[in-house]
Amino acid sequence: MRFSRMLNVVDAHAEGESGKVVVGGVGPVPGASMFDKMLHFSEHLDHLRKLLLSEPRGAVWHNANVVLPSNNPDADFGYIILESTEYPAMSGSNTMCVATVLLETGMLPMTEPVTNLVLESPAGLIRIEADCKAGKVGRVKLVNQPAFVYHQDAKIDVPGLGKITIDVAYGGMTFAFVDAESIGVSLDVGQEAALYDLGQRIKKAAAEQLEISHPSDPRIPGITNTSFTGPLIREPGPDGAEMLRSTNAVVVSPGRLDRSPCGTGTSARLALLHARGELKPRQLFRHESIIGSQFHAQIEGTTTLGRYQAVIPSVSGRAWITSINQLVLDPTDPFPEGFVVGKPWKAEY
């Protein structure tokens, strides 16, 4: 049997969120930067995203990452992030999966008790500190590119809800933040259908009614996610200093829940909390997902990005390898790009 495509894939998840890592079989992807490579991939190799993420090989809750050589001398590797309807500039959970796979498979050398590495994402360089013991990666801390707030207390009109108040912030992806209690929804997995529906409606209304343009590159998409936030809880942290804790539920297109607390959403929320004077630099913030998994986060420093005040966020979590396999395409397979049942998976920006 001669397969028309064979991809070497390491499946992983970070605090519950799937992140396939493609480590071989794609071949060269042209482009000076990882952002350029992402654009080339989306324009010329999108059939591989569909092959990986559509049925029967994938599912709507799957993500994938393609590991590639980086042209940046400071980077150990680069990677492109593939999701159901878009190519994000950055993803925290996917980055944790990529770092864990690179170290645990030996693609990069592991140093105990801490391995430092640099990965080039489409958003830019991501510096990583991985706790390592007995050949296993523990907590992965990443320092993200700057996060900032586009809009605070913006009023939008949502079909079926009327006028509501939201915040909009960027942390590698752009989020509409909604206080869950203010619109009468519960952050509970049993409410997933309601969260899906409301999240998509809110995101669509916000994208239509609010102006968004990334100050560094207008090609970075606008609002593509909704984050329903729970109340802030203040309590003593591990060192006795006050920390903040909160739950959130992130609705990712085309309408499903992020199983992790969402790394880019956590980064964006750090920027929002800082803008409101509720979180200080170096103060611990524990962000909890709807399934109870946690990311630990803090503001490493502040900066500016264009006309926006911004923060430099760090987010840490754990990832686990779940399988190592070769994904293949038989030339007689009638579904060479997979298929989708139900809602169409298409870009909404």
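Me: Why is Cys262 called buried?
Reply: Its relative accessible area is 6%. Buried means under 20%, exposed over 50%, and partly exposed in between (1.4 Å probe, protein chains only). Cys262 at 6% falls under the buried limit, so the label applies. This is a predicted model: local features need pLDDT of at least 70, side-chain atom pairs count only at pLDDT 80 or more, and totals for chains, interfaces and linings use all residues. Numbering starts from 1 along each chain as its sequence is written, and side-chain values use heavy atoms, with hydrogens and water left out.

Me: What makes the backbone of Cys262 worth a remark?
Reply: Its phi is near 75°. That is a positive value in a residue other than glycine. Most residues other than glycine have a negative phi. Cys262 sits in the loop between S15 and H5.

Me: Which other residue has phi near 75°?
Reply: Arg282, again with a positive value in a residue other than glycine. Arg282 is in the loop between H5 and strand S16 (285–288). Helices (H or I, at least four residues) and strands (E, at least two) are DSSP runs, numbered from the N terminus.

Me: Is Arg282 buried or exposed, and how do you know that?
Reply: Exposed. Its relative accessible area is 52%.

Me: Why is Val250 called buried?
Reply: Its relative accessible area is 1%. That is below the buried cut-off, so the call stands. Val250 lies in strand S14 (residues 242–252).

Me: What is Val250 in contact with, and what makes it a contact?
Reply: Leaving aside neighbours within four places in sequence, the partners are Phe175, Asn225, Thr226, Ser227, Arg256, Leu257, Asp258 and Cys262. Contact means heavy atoms within 4.5 Å. Each listed partner of Val250 therefore meets that limit.

Me: Which peptide bonds are called cis, and how do you know that?
Reply: Omega tells us. The bond joining Glu112 and Pro113 is cis, with omega about 10°. The bond from Ser253 to Pro254 is also cis, with omega near 10°. Most peptide bonds are trans. Pro113 is in the loop between helix H3 (92–104) and strand S6 (114–121). Pro254 is in the loop between S14 and strand S15 (256–257).

Me: How do you know that Thr224 and Glu86 make a polar contact?
Reply: Their side chains are joined at 3.1 Å. A polar contact is a pair of N or O atoms within 3.5 Å; within protein, one must be able to donate a hydrogen and the other to accept it, and residues adjacent in sequence count only if both atoms are side-chain atoms. The 3.1 Å distance is within the limit, so the pair of Thr224 and Glu86 counts.

Me: Where is Thr224, and is it buried or exposed?
Reply: Thr224 is in strand S12 (residues 223–229). It is buried, with a relative accessible area of 4%.

Me: What makes a set of residues a nonpolar core?
Reply: The members are buried Ala, Val, Leu, Ile, Met, Phe, Trp, Tyr and Cys residues joined through side-chain atoms within 4.5 Å. The largest such core here has 54 residues. Phe41, Leu52, Leu82, Ile156, Ile166, Ile202 and Phe228 touch the most other members. Helix H4 (residues 192–209) gives the most to this core, with 6 residues. A second, separate core of 49 residues includes Val10, Phe77, Leu119 and Ala130.

Me: What does Ile166 touch?
Reply: Not counting residues up to four places away in sequence, Ile166 touches Gln152, Asp153, Ala154, Ile156, Ala176, Phe177, Val178, Ile202, Ala206 and Leu210.

Me: Which residues line the second largest cavity, and what makes it a cavity?
Reply: Glu86, Pro88, Ala89, Gly172, Met173, Thr174, Ile220, Pro221, Gly222 and Thr224 line the second largest cavity. A cavity, on a 1 Å grid over the protein atoms alone, is a set of points where a 1.4 Å probe fits but cannot get out; lining residues have an atom within 4 Å of a point. Both partners of the polar contact, Thr224 and Glu86, are in that lining.

Me: Which elements supply at least two residues to the lining of the largest cavity?
Reply: H3, S14 and H5. The largest share, 3 residues, comes from H3.

Definitions and conventions. 1 Å grid on protein atoms, 1.4 Å probe; cavity = no way out; pocket = protein on both sides within 12 Å on 5 of 7 lines; lining within 4 Å.
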